[in-house]
Amino acid sequence: MDNRVAFISGATSGIGAAFAQHFAQRGYDLIITGRPGDEIPLFVKELKEKNNTNVELLFAEFANEIDVARVVGIIKANNNIEVLINNAGYGLGKIFWLDEIKNQEDMIKVHINAPLRFIYAALPNMINKKKGIIINLSSLASFMPIPKDSMYSATKLFNNIFLESLHINLRDKGIKTQVLCPGFVKTNFHTTSDGKKAEFKNRGIIRWMKPEEVVEISVRNLIKKNKVIVVPGFLNRVVKLIHTILPNKVYYGLATKYLQ
Ligand SMILES: NC(=O)c1ccc[n+]([C@@H]2O[C@H](COP(=O)([O-])OP(=O)(O)OC[C@H]3O[C@@H](n4cnc5c(N)ncnc54)[C@H](OP(=O)(O)O)[C@@H]3O)[C@@H](O)[C@H]2O)c1
């Protein structure tokens, strides 16, 4: 019998790699993606050996239409994709008008266009089988405007509302949807373009989580609560709540002082 398959984008490191470990341990075969030029991570070999699972690693740049179309073709051709995780993503950390417009538009392609193309490709099979899980990686930043990365907050917010709308369509069709909105997670996301790594130090309300913790919370929610919007970590949920309560003007003042 064909094995069930989990597709995870951006699984060469961080949260995507932790999702890959999780689903391999649960007996899924994997289709994972990294970017052209990435080395094949050591954990891929270990995943195959330890879990006796098939791992197909695709190299694709999601700002590139040809690469996205190739991945779409692979998803469409695979009837066994039961889990689809749109995880690939990055931050720019640049003020909109001070960056190249291409960089800003590329983020829309990676955070919005590619995920919706992959969902569109996987859904007919899931609907047919009345079974499936779709998780998109969003962020705590989707709930609040971040002046230094306005495109990041905006593209992540798209994912929240898009998946919530899909949830309403799909919840009676055996398909679970989740938008995972982490705060600070110890991954390469926080490595600067010149290779400088973040210190991952807890400060004030900033609490760093491990990718494995985030994945564990995501999966627990899928199984037990089936919540669509999932914010891992108590303090992150407090931050979200405070932002909802704060008058906008007060937030704008704080963001001008601390987030620029
Ligand atoms: N870490 C955090 O604090 C945090 C917080 C909230 C949300 N998130 C979200 O979580 C997701 C995973 O990030 P992470 O923290 O695990 O970071 P990560 O370790 O840098 O992993 C990101 C993955 O996405 C891939 N990727 C990046 N840009 C891509 C592109 N243009 N085309 C195709 N693949 C691309 C990366 O490939 P390469 O290895 O080649 O770069 C890598 O496999 C992202 O969507 C991010 O926005 C992260």
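## A first look at the ligand shell, the sheet and the helices

Helix 1 gives the largest share of the shell around the ligand, with 3 residues. Keep in mind while reading that this is a predicted model.

Let us stay with the ligand for a moment. Helix 1 covers residues 14-25, and together with strand 7 (184-185) belongs to the elements that each supply at least two residues of the shell. There are 26 residues around the ligand, and those that come nearest are Gly10, Gly14, Arg35, Gly89 and Phe189. What classes of residue make up the shell around the ligand? The shell has 12 nonpolar, 11 polar and 3 charged residues.

For a closer look at one pair of strands, take strand 1 (residues 5-8) and strand 2 (residues 29-34), which run parallel and are joined by 4 bridges. Val5 stands opposite Asp29 in strand 2.

Now for the way helices pack against one another. Two packed helices are described by the angle between their axes and the distance between the axes.

| Helix pair | Angle | Axis distance |
|---|---|---|
| Helix 3 and helix 4 | roughly 25 degrees | within 8 Å |
| Helix 4 and helix 5 | about 15 degrees | 9 Å |
| Helix 1 and helix 2 | about 10 degrees | 10 Å |

Start with helix 3 (residues 65-77) and helix 4 (residues 101-129), whose axes cross at roughly 25 degrees. Helix 3 and helix 4 are therefore roughly parallel to each other, and their crossing is right-handed. On the helix 3 side, Val68, Val71, Val72, Ile75 and Lys76 meet Ala114, Arg117, Phe118, Ala121 and Ala122 in helix 4. This contact has 8 nonpolar, no polar and 2 charged residues.

Helix 4 also packs with helix 5, at an angle of about 15 degrees. That angle makes helix 4 roughly parallel to helix 5. Helix 4 passes helix 5 in a right-handed crossing. Which residues make the contact between helix 4 and helix 5? Helix 4 brings Gln104, Met107, Ile108, His111, Ile112, Pro115 and Leu116, while helix 5 brings Met151, Tyr152, Thr155, Lys156, Phe158, Asn159 and Phe162. By class, these residues divide into 9 nonpolar, 4 polar and 1 charged.

Finally, we return to helix 1 and its packing with helix 2 (residues 42-51), at an angle of about 10 degrees. Helix 1 and helix 2 are therefore roughly parallel to each other. Their contact is made by Ala17, Ala20, Gln21, Ala24 and Gln25 of helix 1 and by Phe43, Leu47 and Asn51 of helix 2. The contact of helix 1 with helix 2 has 5 nonpolar, 3 polar and no charged residues.

Conventions
Residues are numbered from 1 along each chain as its sequence is written. This is a predicted model: local features need pLDDT of at least 70, side-chain atom pairs count only at pLDDT 80 or more; totals for chains, interfaces and linings use all residues. A residue is near a molecule or strand if its C-beta atom, placed from the backbone, lies within 6 Å of it. Ala, Val, Leu, Ile, Met, Phe, Trp, Tyr, Cys and Pro count as nonpolar, Asp, Glu, Lys and Arg as charged, and the others, Gly among them, as polar. Axes are lines fitted to C-alpha atoms, for helices over the stretch in contact, and angles run from 0 to 180 degrees between N-to-C directions. Angles under 35 degrees count as roughly parallel, over 145 as roughly antiparallel, 65 to 115 as roughly perpendicular and the rest as oblique. A crossing is left-handed if the near helix is turned anticlockwise from the far one by less than a right angle, and right-handed if clockwise. Two residues are in contact if their C-beta atoms, placed from the backbone, lie within 7 Å. Two strands pair if DSSP finds at least two bridges between them.
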